[in-house]
Amino acid sequence: MTRRSIGIIVNGVTGRMGYRQHLVRSLLAIREQGGLPLGDGTRIWPEPILVGRDETRLRAVAERHGLTDWTTDLAAALARDDAEIYFDAQVTQQREKAIRQAIEAGKHIYTEKPLAESSAAALELVRAADAAGIRTGVVQDKLFLPGLRKLRRLIDGGFFGRILSVRGEFGYWVFEGDWQPAQRPSWNYRTEDGGGIVMDMFPHWQYVLEELFAPVRAVTCLAATHIPQRVDEAGRPYPATADDAAYGIFELDGGIVAALNSSWATRVHRDELVEFHVDGTEGSAVAGLRRCRVQHRAVTPKPVWNPDLPATEDFRAQWTEVPDNEEFDNGFKVQWEAFLRHVVTGAPFAWDFLAGARGVQLAELGLRSAREGRRVEVPELSR
Ligand SMILES: NC(=O)c1ccc[n+]([C@@H]2O[C@H](COP(=O)([O-])OP(=O)(O)OC[C@H]3O[C@@H](n4cnc5c(N)ncnc54)[C@H](O)[C@@H]3O)[C@@H](O)[C@H]2O)c1
């Protein structure tokens, strides 16, 4: 067995996503399984180089996991020859500048979404990366959720017939921060700091809709700030300037209509924090993070509207669970493995900067739709 070490600069490693999903659940998990096998006896061995602003917090993360390679100097990390990949999980606003530096340093780049704060900026990054001849990737973790993988299996197997519509509910109550601390960072609720649920969630909806169903051709969005004041990490009240809920209608190729609600101001009466209900001529499915249930045309009951009588049918019991039939690994890790193979062997990887730019574009057009109170068409993005 040969070990192929690969230095990966992990910037924003003290954050929620950088630490838990990317460092611990992906890169360190790959090391725990003995590296990533390439099939020819070689194993890719990630060597994280932790980068952040706060020395104390960085050192604490490193020590907790027996790591020694960390720095608060991004430029110095980028100057190292053994650092082949730059990864960014910083707050969104810091991303573009850091990615530009990484492109100039000739690193391959993987990043959290959204790629940038505007589609113009995202496209500039696409072009700069192309010119530098580097390999790029943007996190699209929802595609690798067990529930959506099972949904994908149903689509590929022709279960639905013609798909008519998708209804999605995403959200949960994010505490205001006064009598109970908020479970999301306060920058999420300030537009001036790159926050807002449209910028956060529409990049996800873009790739979920395009990859599972069809490209999005038009968007109508109503964005709301339901909770106008919150309390930050230091206990200080602040005005919540960003949208905390978005009610979106997406028109897809083939006449498919997707209506997706995203909210940080709703209480969950669902089985999972996100659920997609897909209706097709031959059957329907409800897919969540992990589960997926179906009802086929042949076993569809015939409810009759009669509000004078209590419901006698247990509608949920009329659905059938789709079996796993395989082991599902952490979605972030699965995508990391694909990106590492892409960098080391040139294996195909579909979720590059251009794919990420499409997500930014949908968020931007969703916000425009909300601002102007109208339906907005989504033009094709190209390099
Ligand atoms: N793929 C997903 O499901 C998913 C989920 C949540 C967040 N995200 C994305 O991940 C990124 C990070 O989100 P998070 O929830 O981990 O945020 P977070 O606030 O927990 O972490 C942000 C990180 O950025 C660093 N940082 C660098 N410059 C900063 C600055 N000027 N101000 C504040 N922090 C700064 C922080 O130190 C920290 O390490 C965002 O771009 C977000 O869109 C993706």
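Leaving aside neighbours within four places in sequence, Ser119 is in contact with Val360, Gln361 and Glu364. Contact here means heavy atoms within 4.5 Å. This is a predicted model, in which local features need pLDDT of at least 70, side-chain atom pairs count only at pLDDT 80 or more, and totals for chains, interfaces and linings use all residues. Residues are numbered from 1 along each chain as its sequence is written, and side-chain values use heavy atoms, with hydrogens and water left out.

Stay with Ser119 for a moment. This residue lies in helix α5, which covers residues 119–132. Helices (H or I, at least four residues) and strands (E, at least two) are DSSP runs, numbered from the N terminus. The side chains of Ser119 and Glu364 are joined by a polar contact of 2.5 Å. A polar contact is a pair of N or O atoms within 3.5 Å; within protein, one must be able to donate a hydrogen and the other to accept it, and residues adjacent in sequence count only if both atoms are side-chain atoms. Is Ser119 buried or exposed? Ser119 counts as buried, because its relative accessibility is 11% and buried means under 20% relative accessible area, with exposed over 50% and partly exposed in between (1.4 Å probe, protein chains only).

UniProt, in an unreviewed entry, places the feature "domain: Gfo/Idh/MocA-like oxidoreductase N-terminal" at residues 50–136. UniProt positions are given in the numbering used here, feature names are shortened, and annotations may be inferred rather than shown by experiment. Over residues 50–136 the chain is 48% helix and 17% strand. The end C-alpha atoms of that stretch are 20 Å apart.

Now turn to the ligand. There are 23 residues around the ligand, and Thr14, Thr92, Arg95, Asp141 and Trp187 come nearest. A residue is near a molecule or strand if one of its heavy atoms lies within 4 Å of it. A polar side-chain atom of Thr14 lies 2.8 Å from an oxygen atom of the ligand. For Arg95, a polar side-chain atom likewise lies 2.8 Å from an oxygen atom of the ligand. Gly15 uses its backbone: an N or O atom there lies 3.0 Å from an oxygen atom of the ligand. Gly15 is found in the loop between β1 (2–11) and α1 (16–32). Gly15 is partly exposed, at 26% relative accessible area.

Nine strands form an open sheet with mixed pairing, in the order β17-β16-β15-β14-β8-β13-β12-β9-β18. β17 (320–321) and β18 stand at the edges, each with a single partner strand, so one side of each is left without a neighbour in the sheet. Two strands pair if DSSP finds at least two bridges between them.

Two bridges join β18 (residues 376–377) to β9, running antiparallel, and Val219 stands opposite Val376 in β18. Eight bridges then join β9 (residues 216–224) to β12 (residues 245–252), also antiparallel. Leu222 stands opposite Tyr247 in β12. Seven bridges link β12 to β13 (residues 257–263), again antiparallel, with Gly248 opposite Leu260 in β13.

Last, the cysteines. Cys221 is buried, at 6% relative accessible area. Cys292 is buried too, at 0%. A disulfide is a pair of cysteine sulfur atoms within 2.5 Å. By this rule, the count is zero disulfides.
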